[in-house]
Amino acid sequence: MPDEQMAGAGSTPIPPGAAPGAPPVPPRPLDPIDRSIMRLLQADGRASIRSVAEQVHVSRANAYARINRLIDDGVIRGFTARVNHERAGQGASAYITLKIVQNSWRTVREQLRELPGAAHIALVSGDFDVLLLVHTPDNRTLRELVLTRLQSIPEVLSTRTLLVFEETDLLDPGTDAGPALTEE
């Protein structure tokens with residue numbers, strides 16, 4: 001692999017020689033250097049091996065091996081772009097809570113994945129069952145998504161929409177809220 005490129009996304013770790021369906025590999029403990037590498041890659045998934053190595057004070061070979069181990073172990077699941085949704089034409093964002101029919105999670109999850117603008121889906125505990133984050137071009141589109149698409153799913157018993165007025169990306173290195181790298 002060239003020095004300036006990162007490895008591709010890993011999948012669920014399977015031990016060498018293990019049969020499909022075998023229990024997952026227990027996670028290896030992460031040390032402070034692994035955690036620093038993860039924070040760096042969260043802030044900039046396009047960072048070169050050289051840059052990562054310099055910032056965490058290890059050799060390029062060590063950084064390369066650690067990143068590949070994190071990928072192989074399933075700790076790093078992939079590399080993505082963080083999008084400014086407003087600048088991308090998705091100026092309306094909302095968290096939507098859903099109450100669903102008992103034991104219908106898998107069915108509902110598959111239908112939610114197909115929704116335009118769905119960004120995050122979580123099965124949660126508490127007063128509702130599912131938390132859904134969506135980004136849409138405007139409030140009219142959001143309204144249609146909720147009233148037409150979501151509420152027409154037979155397993156969805158009720159919804160509640162929480163409009164997002166402002167977001168802060170904690171991984172954005174341009175803000176003071178992001179995690180700081182330390183020399184550990």
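The side chains of His 135 and Ser 93 form a polar contact of 2.6 Å, a polar contact being a pair of N or O atoms within 3.5 Å, where, within protein, one must be able to donate a hydrogen and the other to accept it, and residues adjacent in sequence count only if both atoms are side-chain atoms. The structure is a predicted model, in which local features need pLDDT of at least 70 and side-chain atom pairs count only at pLDDT 80 or more, while totals for chains, interfaces and linings use all residues. Residues are numbered from 1 along each chain as its sequence is written, and side-chain values use heavy atoms, with hydrogens and water left out. A polar contact of 3.3 Å also links the side chain of His 135 to that of His 85. His 135 belongs to strand S3 (residues 130-136), helices (H or I, at least four residues) and strands (E, at least two) being DSSP runs numbered from the N terminus. Because its relative accessibility is 4%, His 135 counts as buried (under 20% relative accessible area, with exposed over 50% and partly exposed in between; 1.4 Å probe, protein chains only). Beyond neighbours within four places in sequence, residues in contact (heavy atoms within 4.5 Å) with His 135 include Gln 90, Ala 92, Gly 117, Ala 119 and Glu 167.

His 85 is also one of the residues nearest the centre of the largest pocket, together with Ala 81, Arg 82, Val 83 and Asp 169. Helix H1 (32-43), strand S1 (92-100), strand S2 (118-123) and S3 each give two or more residues to the lining of this pocket, and the largest share, four residues, comes from H1.

Gln 151 is situated in the loop between helix H5 (139-149) and strand S4 (156-163). With a relative accessibility of 42%, Gln 151 counts as partly exposed. Not counting residues up to four places away in sequence, Gln 151 touches Val 146 and Thr 159, and its side chain makes a polar contact of 2.9 Å with that of Thr 159. The C-alpha atoms of Gln 151 and Leu 98 are separated by 9.5 Å, although these residues are 53 apart along the chain.

The chain as a whole contains five helices and four strands, arranged from the N terminus as α-α-α-β-α-β-β-α-β. Of its 184 residues, 28% are buried. Among contacts between residues at least 6 apart in sequence, 68% join residues at least 24 apart.

Definitions and conventions:
1 Å grid on protein atoms, 1.4 Å probe; cavity = no way out; pocket = protein on both sides within 12 Å on 5 of 7 lines; lining within 4 Å.
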